[in-house]
Amino acid sequence: MRTTRPLLVGAALALASVALAPSAALAAPAPPADPNASEHSAAIGENTLRALAEAAGIEIGVAVNTDLLASDVKYRNIVNTQYSSVTAENVMKWEALNPQPGVYDWEAAEALIANAEANGQVVRGHTLVWHNQLPAWLTTGDYSAEELRATLEEHVKTVAAHFAGDIQQWDVVNEVIDDNGTFRETIWYQAYEELGLPGEQYVADVFRWAKEADPEAVLFYNDYNLEFTGPKSNLAYTFVQDMLADGVPIEGVGFQGHLDTQYGYPDLRNNLERFAALGLEVAMTEVDVRTFVTQKPNGTYTNTPADPAEEAQQIDWWAQTLEDCLAVEACNSYTVWGVSDAHSWIPGWFTGQGAGLLYDMHDNPKAQYEALREVLRDAS
Ligand code: XIL
């Protein structure tokens with residue numbers, strides 16, 4: 001039995017509110033009843049992922065598309081009954097929150113937070129600083145290095161202060177290290193170099209600004225491929241170690257966990273352990289397991305695995321990622337990157353691949369979902 005960590009919200013209360021008012025906090029009008037909804041409401045109780053995860057002492061989370069949360073009752077039921085933590089899939093990114101210089105749009109992110117509160121869920125903030133999904137005004141604007149640094153400080157402090165009190169864990173910086181194990185040369189890296197500073201020093205500054213603006217949230221560095229031991233995770237390790245030695249308020253490392261069956265299973269547990277041994281929290285923050293899917297005669301793709309052996313491997317890897325997290329005391333949160341194959345980012349980013357999530361194209365649970373429940377039952 002794992003030590004149960006204190007949850008931010010009483011779980012019994014949380015589950016009661018799920019049953020009573022799953023969508024109370026959403027501004028959108030209630031959509032028509034879904035004929036399959038009762039099937040899901042019936043699942044509220046001791047067998048949901050979130051109930052089993054609570055017994056196992058871990059948060060189980062999902063990345064949420066806020067449009068679907070407002071418009072699709074089946075989607076919303078899954079989010080609210082199965083998960084104890086939510087991450088904004090897109091609406092807390094820079095381009096969404098800060099679309100024009102000095103202009104902030106909090107609405108979609110706040111709707112997600114209100115829904116989480118009504119359903120007893122914690123919120124992972126994602127993400128204060130990333131090189132993708134930046135607004136055009138920032139990437140195409142003719143800013144000096146000094147102005148870029150000031151803009152970064154303003155954005156981080158404004159966003160962290162705005163959501164202070166509502167965020168359990170913040171992905172303060174996302175993907176700051178390149179695949180080959182060097183610091184990614186983001187616009188801020190370049191700006192700092194121009195200012196005569198080490199390029200990567202912006203990361204330490206961002207952690208300090210975030211802590212000042214939101215002292216309560218646990219501050220994470222989040223990245224992909226940290227699951228594997230190699231140049232990338234090795235640099236991440238020494239970088240984090242150096243920041244800790246310098247007193248930078250970094251408190252966690254997020255392992256995205258975007259796995260692909262064409263590569264081997266990573267030595268995830270060892271990597272979780274070595275970062276945890278630095279005194280940090282660790283979390284699985286964006287898990288999905290993609291594979292090649294079948295192509296139709298017209299050239300488009302199904303969302304069905306092309307190879308049954310790889311499908312079996314997918315299911316197994318889901319179980320393994322959760323087992324690895326549960327085996328490491330400091331791994332306190334496990335988030336899947338999307339509700340179902342119908343809305344996953346995978347087909348849009350990896351041609352010919354898909355079927356990476358726990359629910360199928362019709363938002364029905366797959367064997368992967370059962371595999372996670374099994375692991376959680378075994379852990380409690
Ligand atoms: C993805 C979203 O899922 C997509 O909807 C969006 O178009 C692009 O970003 N790593 C991250 C996430 O940290 O923010 C990314 O999310 C997936 C990869």
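Guide: The model shown here is predicted. A search of the whole structure turns up 1 disulfide. In general, a disulfide is a covalent bond between the sulfur atoms of two cysteines. Here the partners are Cys325 and Cys331, with 2.0 Å from S to S. The link of Cys325 and Cys331 is left-handed, with -95° about the S-S bond. Are these cysteines buried or exposed? Cys325 has 0% relative accessibility, so Cys325 counts as buried. Cys331 also has 0% relative accessibility and therefore counts as buried.

The space that the ligand takes is the largest pocket. There are 14 residues around the ligand, and those that come nearest are Glu89, Lys93, His126, Asn174 and Glu286. Sorted by class, the shell around the ligand holds 4 nonpolar, 6 polar and 4 charged residues.

Some side chains can be followed to oxygen atoms of the ligand. For Glu286, a polar side-chain atom lies 2.8 Å from an oxygen atom of the ligand. In the side chain of Asn90, an N or O atom is 2.9 Å from an oxygen atom of the ligand. For Trp337, an N or O atom of the side chain is 2.9 Å from an oxygen atom of the ligand. On its own, the ligand has 420 Å² of accessible area, and the protein covers 86% of that area.

Note on methods: Residues are numbered from 1 along each chain as its sequence is written. This is a predicted model: local features need pLDDT of at least 70, side-chain atom pairs count only at pLDDT 80 or more; totals for chains, interfaces and linings use all residues. Side-chain values use heavy atoms; hydrogens and water are left out. A residue is near a molecule or strand if one of its heavy atoms lies within 4 Å of it. A polar contact is a pair of N or O atoms within 3.5 Å; within protein, one must be able to donate a hydrogen and the other to accept it, and residues adjacent in sequence count only if both atoms are side-chain atoms. Accessible areas come from the Shrake-Rupley method with a 1.4 Å probe; for residues, only the protein chains shown count as cover. On a 1 Å grid over the protein atoms alone, a cavity is a set of points where a 1.4 Å probe fits but cannot get out, and a pocket is an open set with protein on both sides within 12 Å along at least five of seven lines; lining residues have an atom within 4 Å of a point. A molecule sits in a cavity or pocket if more than half of its atoms lie within 2 Å of its grid points. Ala, Val, Leu, Ile, Met, Phe, Trp, Tyr, Cys and Pro count as nonpolar, Asp, Glu, Lys and Arg as charged, and the others, Gly among them, as polar. A disulfide is a pair of cysteine sulfur atoms within 2.5 Å. Buried means under 20% relative accessible area, exposed over 50%, partly exposed in between (1.4 Å probe, protein chains only).
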